[in-house]
Amino acid sequence: MDFELNVTPQAQLIAPDTWMITGRGCTAYLCVGENFGVMVDTGEYYEDLHAVVESLTDKPVEIVLNTHGHFDHTGGNGHFKTALMGRLAAEIAKTPNGKFGADNLDKFPLDYTIIVVDNGFKIDLGGRVLEAFMIDGHSPDSIAWLDHRERIVFGGDAISAMVPNMYKCPDPQPSIILYIQSLAKLLARREEYDYVLTGHGRELFPASLIDNLMICALRAYNGEVDERPAPPADAPKRNEPGPMDAIPVELRCFVKYGNAAITFHKNYVRDTTRYNIVQGT
C-alpha cells in the first residue's frame, strides 16, 4: 500500500466540538472543551497537524490521548507537547511499525513528552471529561477513552468494527479471555455512552458495537470460527508485509456478529500468559 507524500489532513465535524481527521495513518480526533482541546491519536503525519487543528478551534491544543502505541496512531504526536498513553504503549510510540514511517523517520517531530496513565485516569477539558479504560487486545496497554459529555467511546483499534486481536509482535499474542475481561469493564458502564468512534473508521457507530464485540469474543472463547470473507476486488494492495503476515495462515481465526468482527490467534483463546505483561495497567 503506497502512502501519499505531503498530505493535508482533512477534518470533518462529527459531533459537538468533535472533529474526525483523516489523511494518513489512523483516524484521529480533536475534542474541545471549555478550556482546551485534546487530540485522540494523531495519525502518521510529519506534516504540520497542529496547524490544521488551529484552524478548527481557538482553544489551546497541546495534549494527545493515545489509544495505543502503534506509529500509525502516534506519528503526529510531536506536533503537540505531551502525549498520554499506557506504560507499554510508551515503549514503542516513537518507533515506526511500517515502511512509510521507517523511510521518513527523520521528518517526524519526536521531541514530545510522554506521560504514562492507568485505568481510571481522567482529564477535564473544561465541562468535558475523558476517562481511560485499559484494554488488552490489539496491543498491550491499549486505552479506550470515554467522553462523558458527548457519551462517546474512542476505541482505537481495540474497539472497532474489525478488531485485529493479533499482531506482528513476539508471543504471547493477545488472548480472547483477556479481551473479554477488557470489554466487560466497558459494558459495566454501558449506560454512560451511546456511540463509538474507531481507530480507522469513518463513522459514528452505535454503542451496540461493543455489545456485538463481546458476543464475537464469547463465540471465539467457545471455539466458534467463521469463514473470513475475501477482500473486495478494489481493495488497495499492499507492497509490504501486513501486520499479521508473520503469523501462519492456519493460526489466524475470524469470528463475526452483527456489525462487529474479530481476528485472533488460534493458540491464544484461553491462554492468560499475556496477563503477566499487562497486569497492573
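The axes of helix α5 (residues 176-187) and α6 come within 10 Å and cross at roughly 155 degrees. Because angles over 145 degrees count as roughly antiparallel, α5 is roughly antiparallel to α6. Please keep in mind that this is a predicted model.

**How α5 and α6 meet**

- The crossing in which α5 passes α6 is left-handed.
- On the α5 side, the residues that meet α6 are I176, I177, Y179, I180, L183, A184, L186 and L187.
- Their partners in α6 are I210, D211, L213, M214, A217, L218, A220 and Y221.
- Sorted by type, the residues of this contact between α5 and α6 comprise 15 nonpolar and 1 charged, with no polar ones.

- You can find D226 in the loop between α6 (208-221) and β15 (252-257).
- Its side chain reaches the backbone nitrogen of K256 at 2.9 Å.
- Apart from neighbours within four places in sequence, D226 is in contact with R219, F254, V255 and K256.

**Aromatic rings**

- A pair of aromatic rings is described by the distance of the centres and the angle of the planes.
- Searching the whole structure turns up 6 aromatic pairs.
- In the pair Y46 and F100, the ring centres are 6.2 Å apart and the planes lie at 10 degrees, so the pair is stacked.
- Y46 sits in the loop between β4 (37-40) and α1 (49-54), while F100 belongs to helix α4 (residues 99-103), so this pair ties together parts that are 54 residues apart in sequence.

How values were computed. Residues numbered from 1 in each chain as written. Predicted model: local features only at pLDDT ≥ 70, side-chain atom pairs only at ≥ 80, totals over all residues. Heavy atoms only, no water. Helix = DSSP H or I, 4+ residues; strand = E, 2+ residues; numbered from the N terminus. Polar contact = N/O pair within 3.5 Å; in protein donor to acceptor, adjacent residues only side chain to side chain. Contact = heavy atoms within 4.5 Å. Axes fitted to C-alpha atoms, helices over the stretch in contact; angles between N-to-C directions. Parallel < 35°, antiparallel > 145°, perpendicular 65-115°, else oblique. Left-handed = near helix turned anticlockwise from the far one by under 90°. Nonpolar A, V, L, I, M, F, W, Y, C, P; charged D, E, K, R; others polar. Phe/Tyr/Trp six-rings, centres within 6.5 Å; stacked < 30°, edge-to-face > 60°.
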